[in-house]
Amino acid sequence: GFANLKISNLIPPSLTCVHQPAYEMGKAAAEMLIQLIGQKRTVKEMVYERKVLATTLHIGQSTMRV
């Protein structure tokens, strides 16, 4: 699973998930939008920009040996 939602631990077996940094993703998107609004950069300049954010793997019971 992705996003490491709390529900992934409530349903047995708990799901192994990749935690995505939602706050940081939103912050990066907002910064890009502010740059566009302030005309500091153009959409053309940003089209191929890539930002890589760290993720973590939360291992649940869904990948454990029985």
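**Chat on a predicted model**

Me: Starting with Arg 41, what is its relative accessible area, and how does the residue count?
Reply: Arg 41 has a relative accessible area of 23%, so it counts as partly exposed. Keep in mind that this is a predicted model.

Me: Which residue does Arg 41 form a salt bridge with?
Reply: The partner is Glu 49, and the closest N and O atoms of the pair are 2.5 Å apart. Glu 49 is partly exposed too, at 31% relative accessible area.

Me: What else does Glu 49 form a salt bridge with?
Reply: Glu 49 also bridges to Lys 51, where the closest N and O atoms are 3.8 Å apart. Shared partners join Arg 41, Glu 49 and Lys 51 into one network. Lys 51 is partly exposed, with a relative accessible area of 45%.

Me: How many salt bridges does the count come to?
Reply: Two salt bridges.

Me: New topic. What pattern does the chain follow along the sequence?
Reply: The pattern is β-α-α-β, which comes to two helices and two strands.

Me: And what radius of gyration does the chain have?
Reply: The chain has 17 Å, while a compact globule of 66 residues would have a value near 11 Å. Along its principal axes, the C-alpha trace spans about 55 × 20 × 15 Å.

Me: How much of the chain do buried residues make up?
Reply: Buried residues are 12% of the 66 in the chain.

Me: Which residues make the nonpolar surface patch?
Reply: Leu 33, Leu 36, Ile 37, Val 43, Val 47 and Tyr 48 make a patch of about 670 Å². Helix α1, residues 22-37, gives the most to it, with three residues.

Me: Take Leu 33. Where is it?
Reply: Leu 33 sits in helix α1. It counts as partly exposed because its relative accessibility is 48%, and the exposed class starts over 50%.

Me: Now Thr 16: buried or exposed?
Reply: Thr 16 is buried, because its relative accessibility is 14% and the cut-off for buried is under 20%. Its place is in the segment before β1, the strand at 17-19.

Me: What is Thr 16 in contact with, neighbours within four places in sequence aside?
Reply: Its contacts are Gly 1, Leu 57, His 58, Ile 59, Gly 60, Ser 62 and Thr 63. With Thr 63, the side chains are joined by a polar contact of 2.9 Å.

Me: What share of the chain's contacts with a separation of 6 or more is between residues 24 or more positions apart?
Reply: Such pairs account for 54% of those contacts.

Definitions and conventions
Residues are numbered from 1 along each chain as its sequence is written. This is a predicted model: local features need pLDDT of at least 70, side-chain atom pairs count only at pLDDT 80 or more; totals for chains, interfaces and linings use all residues. Side-chain values use heavy atoms; hydrogens and water are left out. Patches are made of residues with over 30% relative accessible area and no salt bridge: like charges are joined within 9 Å, nonpolar side chains (Val, Leu, Ile, Met, Phe, Trp, Tyr) within 5 Å. Accessible areas come from the Shrake-Rupley method with a 1.4 Å probe; for residues, only the protein chains shown count as cover. A salt bridge is a side-chain nitrogen of Lys or Arg within 4 Å of a carboxyl oxygen of Asp or Glu. Helices (H or I, at least four residues) and strands (E, at least two) are DSSP runs, numbered from the N terminus. Buried means under 20% relative accessible area, exposed over 50%, partly exposed in between (1.4 Å probe, protein chains only). The radius of gyration is taken over C-alpha atoms; the globule rule is 2.2 Å times the number of residues to the power 0.38. Contact means heavy atoms within 4.5 Å. A polar contact is a pair of N or O atoms within 3.5 Å; within protein, one must be able to donate a hydrogen and the other to accept it, and residues adjacent in sequence count only if both atoms are side-chain atoms.
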